[in-house]
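Visitor: Could you walk me through the model on my screen? I'd like to start with the terms.

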Amino acid sequence: MTSPLENLENHLEMFIENVRQIRIIVSDFQPQGQNVLNQKIQSLVTGLQEIDKLKNQIDVNVPLEVFDYIDQGRNPQLYTKDCIDKALTKNEEVKGKIDSYRKFKSNLMKELSDTFPVEVSKYKAIRGDE
C-alpha cells in the first residue's frame, strides 16, 4: 500500500499528464475532437477532486520562502541549497569567534600569570586546570 504522500504524488503526476494531453488537443483542435476534449476536461476535474480529498491526509509544512522562489521562477530545490550555504557561512563565522575567544583566553591567562602568578595558580588549582 502506498503512503499518502506517494498517493498524492501519483495523482499530481496524472493531473499534469492530463493537462499536457489537453494542451496537445487544444493546440491542434478539430471539431470532431470535442468529445475527447470534454472527457479530458472531466478527468481533469475528477483529478482535482481526488487531490482535494488527499489534502487532509498529509501534514507537510513548507517554508514560505519556497513559494517566493517559485514566484521568482527559481527552482524550489535551490532553497535547500541556499539554507545549507547560509548555515555553513554562519558556522564558519561562529567557529572564527570561538577561536578568537580561545586565543584571547590563552593570552589573558598568560598575561595574568606574568602579573599575578600566585593568584593565577590558585585559580587554576580551584578549576583543576593544573
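Guide: Buried means under 20% relative accessible area, exposed means over 50%, and partly exposed lies in between, with a 1.4 Å probe and protein chains only. This is a predicted model, in which local features need pLDDT of at least 70 and side-chain atom pairs count only at pLDDT 80 or more, while totals for chains, interfaces and linings use all residues. Residues are numbered from 1 along each chain as its sequence is written, and side-chain values use heavy atoms, with hydrogens and water left out.

Visitor: Okay, is Tyr69 buried or exposed?

Guide: Tyr69 is buried, at a relative accessible area of 10%, and Tyr79 is also buried, at 17%.

Visitor: How many aromatic pairs are there?

Guide: There is one aromatic pair in the structure, where pairing asks for ring centres of Phe, Tyr or Trp (its six-membered ring) within 6.5 Å, and planes under 30 degrees apart are stacked, over 60 edge-to-face and the rest tilted. The ring centres of Tyr69 and Tyr79 are 5.7 Å apart with planes at 85 degrees, so this pair is edge-to-face.

Visitor: Which helices do they sit in?

Guide: Tyr69 lies in helix α3 (residues 64-71) and Tyr79 in helix α4 (residues 77-115), so the pair ties together parts 10 residues apart in sequence; helices are DSSP runs (H or I, at least four residues), numbered from the N terminus.

Visitor: Switching topic, which residues make the contact of α3 and α4?

Guide: The crossing of α3 and α4 is right-handed, and the contact (heavy atoms within 4.5 Å) involves Glu65, Val66 and Tyr69 of α3 with Leu78, Tyr79 and Asp82 of α4.

Key:
Helix = DSSP H or I, 4+ residues; strand = E, 2+ residues; numbered from the N terminus. Left-handed = near helix turned anticlockwise from the far one by under 90°.
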